[in-house]
Amino acid sequence: MKFYIVIPAHNEANLIGLTLESLANQTVLPSKVVVVNDNSTDNTEDIIDQFSEKYSWLSLINNSSEALHLPGSKVILAFNKGLETLDTDYDFIVKADADLIFPENYFEMIVKHFQSDPRLGMVGGFAYIEKNGEWILENLTDKDHIRGAFKAYRKACFEQIGGLKPAMGWDTVDELLCKFYGWQVTTDESLHVKHLKPTGANYNKSSRYKQGEAFYSLGYGFIITAIASLKLALRKGKPFLFIDYLNGFWKAKKDKKPLLVNQEQAKFIRQYRWKKMKEKLLH
C-alpha cells in the first residue's frame, strides 16, 4: 500500500530529527513525507533540509501563520497546506506530529491492518510518555480513540469525512464521522509511539476554554459535555479544568458558534456517546 505523511512543525528543532530518523528506519517506508515548517523561529527548517537532502521521499514546505498556539486550528491549517502539495495517488494518508518516535514496524503493521479489513477507515497505535526514566501510557483518552498525534486514514474514508477540520475537536469529530459513515476505527495496543512532548504543554489559559467549545461544536449537548469535561479534567489531574471546560461550552452556546457537524450527524454523535457510556457502566 502506498501512503503519504504530513507533519506540521513549529519550533521543533530539538525533536524533529528523532521523528524523521524513526521514519527513515521503518520496515515499510512512506512514498512521500511533507513537513510543513509553520512559522518556526528556531532552526527547524535547517534540520528538515538536512534530512530532505538524504531522503528523496521527504520534502519541506514553509508556511507563515500566526505565532499564537491555538489547539486544533493552527496544526490543521498547517496540515492542509502540506496536503495541497500532494497528489491523491495514495491508499492512506497520515497526519503526524513532529515530536514522536515511531517503532520500526509501525507502518508495516498499519498497512497490515488496512489490508485485513476493507471497511477499516482509521488506525493508530498508542502514545507513551517518559516519566521517571520509564515510558508509560499517556492516558488521556479511551483506548478505542486514536490520538491526534498519529492518525492514519484510508483515502475513501478521509475524503468522505471531508478531511480534517481546522478547529479544536478535529481529532474527535473525524472518528465520530468515520463511524457515522459506517467505517471501522482500530487501535493497536502493540504499537507504542514515544510522545516526546506531553499533550497540552503549550496550552495557555484561553486554550482551556477551547476544550468546552470543542464539546459544544461536536453537538454533545450540556449533559454529555459535563460528563466528558469531568472525565478529562480528572484524567489530567486538574479537577478545576472542569469549570473552564463548562465555561467554554456556555460561551460557545451564547455566541452561537457553528457546529463542526450537521444536525443528523450531531444526533448520531449524541446517541453514540450515550451508548458508549451505558456500555461502560454495565461492564
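Here are legends for a handful of close-up views of this predicted model.

The model is predicted, so local features need pLDDT of at least 70 and side-chain atom pairs count only at pLDDT 80 or more, while totals for chains, interfaces and linings use all residues. Residues are numbered from 1 along each chain as its sequence is written, and side-chain values use heavy atoms, with hydrogens and water left out.

**View 1**
The protein chain splits into domain 1 (3-195) and domain 2 (207-282), with bounds that come from an automatic or database domain assignment. Taken over C-alpha atoms, the centres of domain 1 and domain 2 sit 24 Å apart. Domain 1 puts 19 residues into the contact and domain 2 puts in 21 residues, where contact means heavy atoms within 4.5 Å. The size of an interface is often given as the accessible area lost when the parts come together. Here, about 1700 Å² is buried between domain 1 and domain 2, and carbon and sulfur atoms give 66% of that area; buried area is the accessible area (1.4 Å probe) that two parts lose on being put together, summed over both. Look for Met 168, Leu 176 and Phe 180: this trio supplies 35% of the area that domain 1 buries against domain 2, more than any other three residues.

Between domain 1 and domain 2 the count is 1 salt bridge, meaning a side-chain nitrogen of Lys or Arg within 4 Å of a carboxyl oxygen of Asp or Glu. Asp 144 and Lys 276 form a salt bridge, with their closest N and O atoms 2.8 Å apart. On the side of domain 1 that touches domain 2, the residues divide into 10 nonpolar, 5 polar and 4 charged.

**View 1. Salt bridges elsewhere in the model.**
A search of the whole structure turns up 15 salt bridges. One of them joins the side chains of Lys 95 and Asp 97 at 2.4 Å, N to O, and both Lys 95 and Asp 97 are buried (buried means under 20% relative accessible area, exposed over 50%, partly exposed in between; 1.4 Å probe, protein chains only). Glu 213 pairs with Lys 210, the closest N and O atoms being 3.7 Å apart. These two are 3 residues apart in helix α7 (residues 205-217), so about one helical turn separates Glu 213 and Lys 210. Helices (H or I, at least four residues) and strands (E, at least two) are DSSP runs, numbered from the N terminus. Lys 251 and Asp 255 also meet through their side chains, at 3.1 Å, N to O; Lys 251 is exposed at 52% relative accessibility, whereas Asp 255 is partly exposed at 39%. Salt bridges that share partners link Lys 151, Asp 174 and Glu 175 into one network.

**View 2. Two asparagines with positive phi.**
Most residues other than glycine have a negative phi. Asn 39 has a positive phi near 65° and lies in the loop between β2 (32-38) and α2 (44-54). At 25% relative accessibility, Asn 39 is partly exposed. Asn 132 also has a positive phi, about 50°, and is found in the loop between β6 (120-131) and β7 (134-137). Asn 132 is exposed, with a relative accessible area of 79%.

**View 3. Pro 8 and its neighbours.**
Pro 8 belongs to strand β1 (residues 3-9) and is buried, with a relative accessible area of 9%. Not counting residues up to four places away in sequence, Pro 8 touches Val 36, Val 75, Ala 78, Phe 79, Ala 96 and Ala 98.

**View 4. Helix α1 under cover.**
In helix α1 (residues 16-24), 7 of its 9 residues are buried. Those residues are Ile 16, Gly 17, Thr 19, Leu 20, Ser 22, Leu 23 and Ala 24. They pack against β1, β2, α2, β3 (58-63), β5 (100-101) and α4 (106-116).

Conventions: Ala, Val, Leu, Ile, Met, Phe, Trp, Tyr, Cys and Pro count as nonpolar, Asp, Glu, Lys and Arg as charged, and the others, Gly among them, as polar.
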